[in-house]
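Hi,

Here is the structure I said I would pass on to you. Have a look at it first, and my notes follow below.

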Amino acid sequence: MSDDAAVTVDGNGSAALPGPTALQRLLGASTLWIGVVLVGLCVVFSVIRPDAFPTRFTLQTLLIETSVLLVLSVGMTFVIITSGIDLSVGMVLIFAGVMGAKTMEWLSPDQDATHAGWGVILLGLLLSVVGGGVWGLLNGLLVAKAKIPPLIVTLGSFGAALGSAQLITGGVDTRTVPDKLRNSLGFGTSLGGVPNLVLVATVVTVLAAWVLHTTRFGRYTFAIGSNEEAARRSGIAVTRHLVLVYLMTGLLAGLAGFMNLAYFGTTTIGGHGTDNLDAIAGVVIGGTSLFGGVGTIVGTVIGVFIPSVLRKGFVIAGVPVFWQPIAVSAVLVGAVWFDQLRRRARDR
């Protein structure tokens, strides 16, 4: 019998078919093909505009512009793996930025935080993260304890968080952001020119990957998304875990709001209407299943960069901006279609 036809025998003496090889597993990984798509896009735009796309400045701005969205998407990954959804993260980001900016204003002379010190800045950071966490906790309690569908809960939070931010500011953006914050976190660099915003996003992403793929919390997240009832019967505190997942997503949205405040120097109340959809798109494009139970942080990183590269490449190539959402939507639909094909193949 040739090696190709070899079979193994299990402990009961029954023949067992050989499992997939390492190469087959690699080729079957959605993350690999998503990465190939990302590399292909970079190559295409580099060929179209070799003088503009493959430059250090373009790479740096691309990384900075994606950092805030990546932090949002990391939290969204956990939510979607549990087969949930969070439509409120963009508005929670706004609310958190408003809380941080107003806190620094209130603690500064003449309510001008431009020259505020690090003590005031750290309190602003704390209030931003706590503000985001409050919305995340509320979402989690309503989803896990009140058993209200997450789509409805987070859609309600979407409007409530935005309305709260507008009530606090009177609908007018706050622009007195400390210079120290802007010059350090907003535009500062470390480690030989790496933007500090990118470093923060990297730390958050690495920690999230460690939690999701190596800890009990991560295993429970996958278990709940695969089969919530089975997870409950196996002893997992499903209600508590879901509350923690939504709380974590809110905390990360709060951090993203503070990062956004540091970069733009204003609360940008009207500038995040599609952040929730962008985060969902990045996570789903990265291979996380909307049906729950499947996903990786690495895939989310790649998935978030695909729409960002498309937008940046279109701008550099001179493609009308109206084509950008069409292209991103096409990629998103293709990713969901691929996920459905993969699920059907697995079920067979």
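**What I found**

Leaving aside residues up to four places away in sequence, Asn276 touches Met76, Asp86, Leu87, Val89, Gly90 and Phe158 (contact means heavy atoms within 4.5 Å). Asn276 itself is found in helix H12, residues 275-285; helices here are DSSP runs of H or I with at least four residues, strands are runs of E with at least two, and both are numbered from the N terminus. With a relative accessible area of 6%, Asn276 is buried (buried is under 20% relative accessible area, exposed is over 50% and partly exposed is in between, using a 1.4 Å probe and protein chains only).

Before going on, some background: this is a predicted model, where local features need pLDDT of at least 70 and side-chain atom pairs count only at pLDDT 80 or more, while totals for chains, interfaces and linings use all residues. Residues are numbered from 1 along each chain as its sequence is written, and side-chain values use heavy atoms, with hydrogens and water left out.

As for the whole chain, there are 14 helices and four strands. Buried residues account for 47% of its 348 residues.

Thr300 is another one to click on. Its place is in helix H13, residues 297-317, and at 0% relative accessibility Thr300 counts as buried. Again not counting residues up to four places away in sequence, Thr300 touches Ser73, Thr77, Gly282, Val283, Gly286 and Thr288.

Next, a helix pair. H4 (residues 89-106) and H5 (residues 118-144) pack with their axes 8 Å apart, at an angle of about 150 degrees (axes are lines fitted to C-alpha atoms over the stretch in contact, and angles run from 0 to 180 degrees between N-to-C directions). That makes H4 roughly antiparallel to H5, a term for angles over 145 degrees. By class, the contact of H4 with H5 has 10 nonpolar, seven polar and no charged residues (Ala, Val, Leu, Ile, Met, Phe, Trp, Tyr, Cys and Pro count as nonpolar, Asp, Glu, Lys and Arg as charged, and the others, Gly among them, as polar).

Finally, which residues of H9 (residues 216-226) are buried? They are Gly218, Thr221, Phe222, Ile224 and Gly225. These cover an arc of only 165 degrees around the axis, so they sit on the same side of H9 (the arc is that of the directions from the helix axis to the C-beta atoms). On the other side of H9, Arg216, Arg219 and Ser226 are exposed. The buried residues of H9 pack against helices H3 (56-81), H8 (196-214), H10 (228-233) and H11 (238-264).

Cheers

Methods
Angles under 35 degrees count as roughly parallel, over 145 as roughly antiparallel, 65 to 115 as roughly perpendicular and the rest as oblique.
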